[in-house]
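Reader: I'm new to this one. Can you walk me through it?
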Amino acid sequence: MTAIDSRIPARPVGGVARLTGVWLEPVVRVTVLVVLAEALLLRGATRVFIHIPGVDVTSGILGVVTDLARLAFRMAVPLAFVLLLMLVASLWESGSRQVAILVGAFLGLAAAGRFDVMREFVDPILLGLVALVAVVVVTGLESRWRIPVATWSAAFLMAGLVRLLDQWAADGASSVSLPWLPGMAETVALIAFITTPLVLRNRPRPLDLLIGVGVAVLIASTLSGAEAQSAAKILGLWNLGWAGGYPVLVYAVAVGILVATVTTLARGRRMMTAASFVFMGAAGFGLFSSYQTALLVLGLVLMAVPSEALETATDDVGRSERLGLTPSPE
Amino acid sequence: MTDTTTTMSRRMLVVAGLALAVGLMTQIFGLDLAYSQTLSVTVWSSEEDPGVDPDWAGWAAVPGAPVPLTAQQIATPLGGGSTPSMTVQTVHADGDLVLRISWRDSTLDTSTASTELFTDGVAVQFPADPRSSVPAICMGQADGAVNIWHWRADSQVGVHSVPDIGDGYVDRYADISDTYYPAAASGNPFANGEAVQSLLAGSFGTLTPMDEQTVIGEGRYIDNEWAVVLRRSFAAPTTEHPQFEVGQDIDVAFAIWNGSADERNGIKSVSQFVRFSISEAVVAAPSTPTTAASSSPPSSTIGYVVVGLFAGVVLALLLVALIWFGVVIKAFVDRD
């Protein structure tokens with residue numbers, strides 16, 4: 001029985017899940033805002049945009065942005081882990097116990113890694129848990145959802161494997177090297193971005209399309225020119241795991257499509273699904289920190305969260321749609 | 001505004017307020033709830049002192065971490081990238097941090113005696129305050145300075161002998177007195193007689209030699225390969241130098257210059273930040289005949305097993321996506 005199947009029929013919601021259900025959506029909403037702020041300010045502004053030739057940032061503005069970026073990061077990390085804990089409780093009481101156990105194990109290992117316990121084993125096991133969560137979640141999704149979510153997860157796992165192999169080489173544990181893997185991970189990641197509209201039932205509204213096109217144009221124009229492309233390539237690789245093998249236009253289009261999809265979902269009152277893609281996008285591809293890996297798990301698990309665990313049930317439509325029961329209003 | 005919306009807004013404010021409080025507390029007390037998963041290079045403990053000898057026998061027992069390099073394309077002058085990768089090995093001995101950096105270079109460039117000649121070199125960059133978050137990789141940032149250890153082949157040659165200014169000028173003055181070397185006489189840091197300089201930077205254009213030059217180093221070039229050893233005491237002479245200690249994790253980045261490829265200044269090959277983990281684990285002494293790392297090449301079994309497992313999951317996920325992609329396409333075609 002898969003994660004989604006296990007939610008039918010809905011089980012009675014217990015005390016803990018009821019409590020987390022009341023607070024789950026507010027926490028998700030705030031976490032989305034803070035994670036977006038962290039990704040845009042810390043990884044976007046202070047690490048990429050200030051290094052693009054021609055983009056002048058005065059030191060005063062930079063100082064303020066840097067402070068805000070660090071604060072956003074400091075807020076985002078505990079929020080992400082608290083949200084995962086709440087999801088464990090919700091999933092457990094609603095019957096999706098496979099996912100709850102996997103996420104609980106993930107949290108335990110992330111804590112072990114933080115305190116340097118079994119450090120050399122933590123990252124491979126964490127990546128293995130991500131793989132299991134991905135398999136359980138993907139197999140429980142409605143058919144069209146499986147394409148973007150499966151490719152997204154596969155891209156993350158491939159990029160993470162690159163990091164593991166580098167680490168083993170550095171530790172003298174293994175000399176296996178797969179130099180083609182980063183490029184392949186990037187290609188699969190781009191497929192994931194481009195296929196995200198498959199989670200929509202109806203066409204996006206003009207405003208949603210306009211926002212997506214605007215973001216694509218902004219990215220393409222900001223990163224156009226050889227110098228800016230190269231700066232974006234090396235810093236994008238550092239921050240998000242992109243190998244940088246394609247022209248900037250390809251990334252701009254892919255991100256534009258993702259943004260249009262997320263906007264359509266959010267405006268269609270499918271906040272949880274929109275939040276899933278925001279978290280997965282901010283996670284990047286590959287192993288950077290336990291925070292970013294937790295964001296990917298958050299994104300995956302939110303797709304399996306039972307709507308009955310939410311007090312306001314704003315994602316009912318999304319859940320029903322995932323199960324192929326009702327059309328979405330978007 | 002409906003009651004539901006009002007309730008949601010209030011709850012969001014409560015959550016945001018709590019998150020802000022926790023965020024400020026972790027900032028004030030320097031707590032990190034997450035940990036870095038970037039490449040970590042173990043700094044092994046060595047019972048034997050390697051000195052600054054690139055050919056110390058013990059290096060054979062120290063695993064080398066491959067570090068990919070790319071052209072520096074962020075600040076003018078742009079370019080470089082002629083060195084695709086380097087290897088770093090690290091140990092600590094007698095309270096000193098010792099790094100051995102090696103890379104392939106088919107040309108030996110040790111002279112800058114004329115304007116069209118450029119030297120081989122290597123630089124290592126640490127956050128000046130290792131407890132702070134990782135600064136911008138490009139020479140640091142306004143509130144996050146970096147300490148750079150810069151070794152130059154021409155400086156090393158100058159350390160050991162009078163540089164051959166040979167054909168560089170019409171009139172040559174081989175005298176080594178201050179009269180003919182005004183840079184050295186006036187205290188120009190490039191003429192300080194050391195192969196390694198310790199520098200401080202807070203952003204582009206702020207690179208400045210440290211007052212305290214405590215880094216020593218030695219390079220040697222054999223069989224088209226450079227091997228350079230850099231060494232400094234764990235104890236920091238000032239707060240502008242990073243302090244090292246056993247159990248510490250510290251970020252570090254690298255740059256390589258190939259003189260024959262006209263690389264100098266910002267034209268160089270650069271790495272991303274990797275992480276040094278200063279460990280208590282002791283690397284085998286060079287006299288020990290059998291050690292895991294030195295007596296045999298690293299085992300690849302574990303690598304192949306894990307790659308195989310992950311490949312299975314990845315292929316399964318991709319297969320699921322492919323199957324449903326076909327289903328969606330078929331449904332789309334049938335609908336038309």
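Predicted model: local features only at pLDDT ≥ 70, side-chain atom pairs only at ≥ 80, totals over all residues.

Reader: Fine. How many residues of chain A are in contact with chain B?

Author: 67 residues of chain A touch 57 residues of chain B.

Reader: Which helix of chain A gives the most to that side?

Author: Helix 5 of chain A, with 20 residues. Other elements giving two or more residues include helix 1 (15-45), helix 2 (59-94) and helix 11 (290-302) of chain A.

Reader: And what kinds of residues are on that side of chain A?

Author: 37 are nonpolar, 17 polar and 13 charged.

Reader: Back to helix 5 of chain A. At what angle does its axis cross that of helix 4 of chain A?

Author: Roughly 170 degrees, and the two axes come within 10 Å. Over 145 degrees counts as roughly antiparallel, so helix 4 and helix 5 of chain A are roughly antiparallel to each other.

Reader: Which residues meet there?

Author: From helix 4 of chain A, they include Leu127(A), Val130(A) and Ala134(A). From helix 5 of chain A, Val149(A), Phe156(A) and Leu164(A) are among them.

Reader: How do the residues of that contact divide?

Author: Into 12 nonpolar, two polar and two charged. Asp123(A) in helix 4 and Arg146(A) in helix 5 are among the residues of this contact.

Reader: Switching to chain B. What's its secondary structure?

Author: Five helices and 14 strands.

Reader: How much of chain B is buried?

Author: 40% of its 336 residues.

Reader: What about contacts between residues at least 6 apart in sequence in chain B?

Author: Of those, 68% join residues at least 24 apart.

Terms used: Residues numbered from 1 in each chain as written. Chains lettered and ligands numbered in written order. Axes fitted to C-alpha atoms, helices over the stretch in contact; angles between N-to-C directions. Helix = DSSP H or I, 4+ residues; strand = E, 2+ residues; numbered from the N terminus. Parallel < 35°, antiparallel > 145°, perpendicular 65-115°, else oblique. Contact = placed C-beta atoms within 7 Å. Nonpolar A, V, L, I, M, F, W, Y, C, P; charged D, E, K, R; others polar. Buried ≥ 20, exposed ≤ 12 C-beta atoms within 10 Å, placed from the backbone.
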